[in-house]
Amino acid sequence: MRKKIVAGNWKMNNNTADTRNLVKELILKGKNLWGKCEVIIAPPFTSLASAIEEARETKIQVSGQDLFWEDKGAFTGQISGPMLKEIGCSHVIVGHSERRQYFGETNQSVNKKIVAAIRNGLIPIFCLGETLQERESGSTFEVLKRQLVEGLKSLVIDNPLRFIVAYEPVWAIGTGKTAGLEQAQEVHTFVRGELAGLWGKKIASEIRILYGGSVKPANAHDLMGCPDIDGGLIGGASLKADDFIGIIEQGTGI
Ligand code: PGA
């Protein structure tokens, strides 16, 4: 049985004061929930240390939103795996569609970043998903396959608990539209099949595949009830404690 994961991607929101307040509120309101599923938050870089400090006595895990593939050197503006690890991050998001869309992230750079995350003991949350145009032109599975094959090239995962996939249809992110349950389950089954092709059936059956894109308390239960959906990567709704906690409650069937 795969333990569910609810991860909040805060994107470019919450300064250090907002971060402390939100983490405190989550701890207060969610105290009976910790342990029923894994909870991860991904604040912006400047708020990571505050989040880690506030969450240190809890089961809330803290993730970076990106990392660079080199460990150190002349790479102005970049943050490396060892830096995230040193301050206490456990996870890092790699290949989010906003990175792909606005910052030139490619399957090749995603691949190098996943390698760097694993090399530094961070659990990558590998994001993939098709755009509306790709879906409408019937190339969804071709696009996803390329993202998987190129993004995971030469990687060998032997501990399924230390690798997370997030399927996020780009057209569902921040739009209020979610994939239909059958549509989402179909993709998750496909992704799991591809992972089985890469790393074998046993590993693939234990890797958590999250769904992302306009997840909220009202749809979390149905989405996370799909057999191959093992949790959610939450953007907008992770910025409000009540919504985020609501998703955890719904997602874990309480
Ligand atoms: P959303 O974002 O929940 O606001 O749609 C999800 C994401 O981008 O991870």
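These legends walk you through several close-up views of one predicted model.

The model is predicted, so local features need pLDDT of at least 70 and side-chain atom pairs count only at pLDDT 80 or more, while totals for chains, interfaces and linings use all residues. Residues are numbered from 1 along each chain as its sequence is written, and side-chain values use heavy atoms, with hydrogens and water left out.

**View A. Eight strands close into a barrel.** Follow the strands in the order β1-β2-β3-β4-β5-β6-β7-β8, with parallel pairing. Strands are DSSP runs (E, at least two residues) and helices are DSSP runs too (H or I, at least four residues), numbered from the N terminus. Two strands pair if DSSP finds at least two bridges between them. On average, neighbouring strands of this sheet are turned by 25° against each other, direction ignored.

**View B. Strands β6 and β7 lie paired in the parallel sense.** Here β6 (residues 164-167) and β7 (residues 208-212) are joined over four bridges. Look for Ala-166, which stands opposite Leu-210 in β7.

**View C. Helix α7 lies across β5 and β6.** The helix spans residues 140-151, and it runs at about 155° to β5 (123-128). Axes are lines fitted to C-alpha atoms, for helices over the stretch in contact, and angles run from 0 to 180 degrees between N-to-C directions.

**View D. Helices α1 and α11 cross at roughly 45°.** Two packed helices are described by the angle between their axes and the distance between the axes. The axes of α1 (residues 16-29) and α11 (residues 241-251) come within 9 Å. The two helices are therefore oblique to each other (angles under 35 degrees count as roughly parallel, over 145 as roughly antiparallel, 65 to 115 as roughly perpendicular and the rest as oblique). Leu-22, Glu-25, Leu-26 and Lys-29 of α1 make the contact with Ala-241, Asp-242, Phe-244 and Ile-245 of α11, where contact means heavy atoms within 4.5 Å.

**View E. Ser-50 sits in helix α2.** This helix covers residues 45-54. Ser-50 is buried, with a relative accessible area of 6% (buried means under 20%, exposed over 50%, partly exposed in between, with a 1.4 Å probe and protein chains only). Leaving aside neighbours within four places in sequence, Ser-50 is in contact with Thr-16, Thr-19 and Arg-20.

**View F. Gln-108 belongs to helix α5.** Helix α5 takes in residues 107-119, and Gln-108 is partly exposed, at a relative accessible area of 45%. Its C-alpha atom is separated by 6.1 Å from that of Gly-151, 43 residues apart along the chain.
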